[in-house]
Amino acid sequence: MIASLENVSKVFTNPRTGKGLVALNDVSMDVGEGDFLCLIGPSGCGKSTTLNLLAGFELPTSGRVMFKGKEIAGPSPERGVVFQEFSLYPWMTVMQNVAFSVSKGRTKEEREALAMKQLELVGLSDFAHARPNELSGGMKQRVAIARALAMDADLLLMDEPFGSLDEQTRRKMDNEVLRLWEGQGKTVVFVTHSIEEALMLGTRILLMSASPGRIDREWKVDTPWPRDPTSPGMVALKKEISRGLQVCSCASGEPKAAFVEVQGADDRPEMEV
Amino acid sequence: MWKADRVDDKGKMDKKEAAEKALREGRSHFEFRPETRRFLLANAVNIAIGIALVIIAWWVVAEAMIAVRGAFFPTPPETFSALWEALGGAKINGATIYFHTRSSLVRWGLGYALALVIGTIAGMAFGTMGRAYDIGMVPVYIVQMIPGMAWVPIAMLIFGLGESATVFIILMTALPPIVINTAGGIRQAPPIYSRVALMSGKDHFSLFAKVLIPAAALPIIDGMRIGLANGWRVLIAAEMVLGTMVGLGATIEDSRYSLDFVSAFVCIIVICLIGLTIEKLLFSGLEGVVRNRLGLEEEG
């Protein structure tokens, strides 16, 4: 087990309006070494919050988030994140963006060589000296993946990395992630709202539901890759997960998140730097 | 430069021809001979027309005042011939125009340099610390609301008459926009930029130098630019507390007593020209470079 959530609750409060939001309620899960764990669920179910807790961008209100036996106190290069939105620095070249995240203590040449290697892996070495705004959406996310890989993190956290891409590009990117994952033996936590994407990628699929966010069910998928989405086993599993998603409260039109009145709340929902 | 362009453009067609060829061949991208020269020329013509409009308006007002009030009012020809003489070395208000200009530039440069250093440091501190921002911005906004002229008695009480009082007035008017824009720019940088740096294990210095400052570069430049204009415009008020009548602002101020309004107008023109030159040459260029680096504009 590389990482885990132990009875984690996360509450966001707004001291001005006096409103609070329970994003996660008593969630426990563990991430095993080498897992490709997919978190699926409707928006507002706490998928991204879970990922942010694992990354260390947020700290739990109660419970513990553990990584390699230690409680997570903040972001660390041991856990690389591929963000949902485009996250490259526009004032740096593609190469500089990747090299920026290579752990320090090495010379600039070494960092750039390492960055170049990762860019080759994602097939973008020709664009090393281009600027991010010259790339398409899919290419930008490939650079973000190269950056996370260049960090040489033990845990890769991916928050709907291809959510903003078109269907065809997304499939292509899924296959690339799979290829990189099989080659490097990393542990991945992958957030998505697409059942199909989870089925094509994950060794484990966790279904989350909202109001308040919690984990509903888990499926283990042993089918080897490349997976055929039209095979009987896959179709049956897809149906089962779809049903699970439908019984979840927020899919039936209830409020997206559970609001509670919080007294004496002093922590703000806004992120600190 | 033009020669090199011509050689590079050999074989390139003009805009219309190239577009038609692309349409015929069903291509989506094409190249044509750049029209840099035409654009530069059009730009220069537009600026000339704008300046002409100001001069015409001034002339109309001057003639109207002379006709209606029967009073003296410097017209553009009078002023420009006086400017010409001044540039030739004729003394106005006891010194050459070059001496007045240099004195003003030195005072302004000193006040503005101080404002840049203090403003940038304060802005960066406020921008990163929430509590410091909430408290620190209150005095900054109060200072910003104080009109340039109002600093005259304050400066005199603190420094007496002299150069220090002048520099102080320029500093106080240039400072607020620099602090406000630097702090605001850093606070508005997308949180994801900081998250990327933090997950990469960067320390606070790298976060600042490599991420927050580039991300806030445009608002920071805007603040510097507004501060520059504020400091330059307050020159007249600032030079009131000099005690000696040296400087462009002092000469304008002195025309109230000497009735040498032509010299005052000459100084106004010099102030405008210097302000415009710094704005166009320094800041427009700097902004262009930064916008390009941020990927907001295509190269070339």
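So, burial in chain B: of its 300 residues, 31% count as buried, meaning that 20 or more other C-beta atoms, placed from the backbone, lie within 10 Å of the residue's own. Keep in mind that this is a predicted model, where local features need pLDDT of at least 70, side-chain atom pairs count only at pLDDT 80 or more, and totals for chains, interfaces and linings use all residues. Residues are numbered from 1 along each chain as its sequence is written, and chains are lettered from A in the order in which they are written.

Staying with chain B, we've got 14 helices and zero strands; helices here are DSSP runs of H or I with at least four residues, strands are E runs of at least two, and both are numbered from the N terminus. Chain B is more spread out than a compact globule, because its radius of gyration is 25 Å, well over the 19 Å from the globule rule for 300 residues. That radius is taken over C-alpha atoms, and the rule is 2.2 Å times the number of residues to the power 0.38. Along the principal axes, the C-alpha atoms of chain B fill a box of roughly 75 × 55 × 35 Å.

Now, chain A. An automatic or database assignment sets the domain bounds: domain 1 is 3-78 + 153-261, and domain 2 is 86-151. Their C-alpha centres lie 26 Å apart. Where they meet, 12 residues of domain 1 are in contact with 11 residues of domain 2, contact being C-beta atoms, placed from the backbone, within 7 Å. On the domain 1 side, helix 5 (residues 167-184) gives the largest share, five residues.

How values were computed: Contact = placed C-beta atoms within 7 Å. Buried ≥ 20, exposed ≤ 12 C-beta atoms within 10 Å, placed from the backbone.
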